[in-house]
Structures are given as C-alpha cells and as structure tokens.
Amino acid sequence: MNKVQLFVERIDDSLPLPQYQTVGAAGIDLYIRDSLVLQPKQRGFFPSNIKMAIPDGYYVTIMPRSSSFKLGINIFKGTIDSDFRKEVHIGIENATELEIILEKGQRIAQAIIHKVEQVKLTEAKVEDNDRGGFGSTGK
C-alpha cells in the first residue's frame with residue numbers, strides 16, 4: 001500500500017514525534033508542548049509542538065482522544081488546510097468544576113488526515129423535497 005507522506009517539524013525535539021499508537025489507528029496522537037493548569041470552565045488554544053506540510057488534496061482534522069472524556073476536557077474539532085504551515089494549536093476546555101493539570105508531553109488530541117476534492121459551485125434553483133430537517137430520519 002502506498003502511504004501519503006506527511007512532513008512534520010517538532011518545535012521542541014525533547015518531545016516524541018507524533019505517531020499512530022496501533023496498526024489500525026486512524027489518528028496520529030498529538031502532545032501538548034507545555035504543562036498547563038486549566039481552571040474550571042477555562043478554555044484556550046494550546047501548542048501541539050508540531051508544524052505540518054500537508055500534501056495538496058488533503059486536510060487534517062484535530063479530534064479528541066478517548067482519554068479526553070476521562071480527563072474531563074473538551075477538545076475542539078478543527079480543520080487544518082494543506083496551505084497552513086504554522087504550529088498547530090489545540091482548542092481545549094476544562095468541562096469540570098475542578099482544576100485540571102495537563103503535563104508537558106501528554107497525549108490529548110489526535111490528527112486524522114483526509115483526502116479532499118474541491119467542487120465547482122454553480123448557482124441554481126434547488127427544489128425542496130419532502131425530507132424533514134435536523135433529526136428527520138431518527139425516531
């Protein structure tokens with residue numbers, strides 16, 4: 001199988017290079033670059049320690065790891081386009097009423113690479129149908 005090559009630069013080379021943790025993993029685990037203390041309900045963007053050269057025709061989504069739920073933090077999903085070349089930051093929110101301490105090098109999010117195809121937008125009249133709105137196929 002031919003694999004897409006993703007060039008990654010670490011800002012702090014004392015931290016590990018992001019990697020897949022298992023053969024079947026969809027996401028590359030990301031580490032936070034600095035220790036931080038999150039007060040209850042505090043949120044912000046925190047450095048991931050990497051810059052990426054995402055190939056044309058691909059994009060990356062930042063997603064939570066399952067451990068985020070256990071820690072009581074929300075990881076804000078984000079999209080990184082192929083033309084972005086700065087350090088990736090991770091949106092983190094303390095969802096608890098307690099102070100949370102995250103240690104430098106802790107795995108807190110994952111990057112998933114996707115193929116993308118841009119479409120040609122053409123303005124046209126689009127007719128409604130009988131399908132309902134949000135949640136219309138649920139029970």
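Colleague: In β9, which residue is the bridge partner of Phe76?

Modeller: Strands of a sheet pair through backbone hydrogen bonds, either parallel or antiparallel. Two strands count as paired if DSSP finds at least two bridges between them. Strands are DSSP runs (E, at least two residues), numbered from the N terminus. Here the bridge partner of Phe76 in β9 is Gly91. This is a predicted model, in which local features need pLDDT of at least 70 and side-chain atom pairs count only at pLDDT 80 or more, while totals for chains, interfaces and linings use all residues. Residues are numbered from 1 along each chain as its sequence is written, and side-chain values use heavy atoms, with hydrogens and water left out.

Colleague: How many bridges pair β7 with β9, and how many join β4 to β9?

Modeller: β7 and β9 (residues 89-94) pair in the antiparallel sense over four bridges. Five bridges join β4 to β9, also antiparallel. Glu93 of β9 has Asn74 opposite, and Arg43 stands opposite Glu93 too.

Colleague: What is the strand order of this open sheet, and which strands are at its edges?

Modeller: The three strands have the order β4-β9-β7, with antiparallel pairing. The edge strands are β4 (43-47) and β7 (73-76), each of which pairs on one side only. Neighbouring strands are turned by 35° against each other on average, direction ignored. That angle is taken between N-to-C directions of lines fitted to C-alpha atoms, on a scale from 0 to 180 degrees.

Colleague: Why is β9 described as largely enclosed by the rest of the structure?

Modeller: Buried means under 20% relative accessible area, with a 1.4 Å probe and protein chains only; exposed is over 50%, and partly exposed lies in between. Five of the six residues of β9 are buried, so β9 is largely enclosed by the rest of the structure.

Colleague: Which residues have the most contacts inside the largest nonpolar core?

Modeller: In soluble globular proteins, nonpolar side chains tend to be buried together. A nonpolar core is a set of buried Ala, Val, Leu, Ile, Met, Phe, Trp, Tyr and Cys residues joined through side-chain atoms within 4.5 Å. The largest one has 22 residues, and those with the most contacts inside it are Ile62, Ile75, Ile90, Ile92 and Leu102. Strands that each supply at least two residues of this core include β7, β9 and β10.
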